[in-house]
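Okay, thanks for coming, everyone. Let me put the model up and walk you through it.

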Amino acid sequence: MTTVFLIATSISSIVLQNCLFNNACKTKLKTAKHINSFNMIVYSVCILIFGLLLLKEKLSVFTILLGLIFGVVTMLSNFYKMIALSNGPMHITLLITTSSMIIPTMSGIFFGEVFSVAKSCMVFRLIVFIYLSFQKSSETKINKKWIFYSALAFIFQGTVGVLQKIHQSSIHKTEISGFLFISFICAMVFCFLRNKGVDKTISLSKLTVFIGLICGGCTFGMNYINLKLSGSLPSQLFFPLINGSALILSSIMSVILFKEKLLKRQAIGLIGGILSLIAICFVH
């Protein structure tokens, strides 16, 4: 029951963050500098919460070093995902970034997990459906810049999952709060350095700051829970389950809340991609 609750909480956090990211990127965050400033608010919330939890933990050199790498990768993952959302449709952007779970799922091979031929076929089908969703139209505004940023988000988000698995497969797996505390400090510093020298007149509205604080709570929840579960559930179940469920709900929200429309080919690509993600969870 505890595991089910954690999974539900993680999925809810991801969906809420996806919706808030999409709204902020399309209406409030006009430049890369705005996105970095917004993410600094998100990361500050995580630093505060994980800092309090860290009081009960010890930190190893392994956790500190891996945490620094995780922080940079997390920052780049969020940054390029948000840039992609600002340049393209939410439903297809999330299909691409969510499909990055292929990377940590396949990495399970290096942790003693078996990756079957059937799962390989499902991964190939997923790639085919993603390709089908790439149909340019005036509604979706699909362009090369959007594809480039989505590809970068795919790579970095997939790497996040691999790093989670590495930490939770080590003898330092209990150092969750310390690992994430170091990670978000690193991400915060990275954002600050990227904004160094920026015109000080650039500022965020109170509503944007509020959205950033909520996203910070979501980021804390999904990172803490996902890191914990990645060490207790098989990669081939955990990553498709979390990401696939979040994708389905986020796609529904993109239509209901953001009134995004799908061409026939895009609808086939999205539905097929979702079904492929689900199939990866269950095939042996």
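**Cysteines, core and surface**

Let's start with Cys 46: its sulfur is 9.6 Å from the closest cysteine sulfur, the one in Cys 218, and that's too far for a bond. A disulfide here means a pair of cysteine sulfur atoms within 2.5 Å.

Before I go on, this is a predicted model, where local features need pLDDT of at least 70, side-chain atom pairs count only at pLDDT 80 or more, and totals for chains, interfaces and linings use all residues. Residues are numbered from 1 along each chain as its sequence is written, and side-chain values use heavy atoms, with hydrogens and water left out.

Back to Cys 46: it's buried, at 0% relative accessibility. Buried is under 20% relative accessible area, exposed is over 50%, and partly exposed is in between (1.4 Å probe, protein chains only). Cys 186 is buried too, at 15%, and its sulfur sits 9.8 Å from the closest cysteine sulfur, in Cys 191, again too far for a bond. The disulfide count for the structure is 0.

Now the inside. The largest nonpolar core has 76 residues, and Leu 29, Phe 38 and Leu 180 have the most contacts inside it. By core I mean buried Ala, Val, Leu, Ile, Met, Phe, Trp, Tyr and Cys residues joined through side-chain atoms within 4.5 Å. Leaving aside neighbours within four places in sequence, Leu 29 is in contact (heavy atoms within 4.5 Å) with residues including Phe 38, Met 82 and Leu 204.

And Leu 213? That one counts as partly exposed, at 41% relative accessibility.
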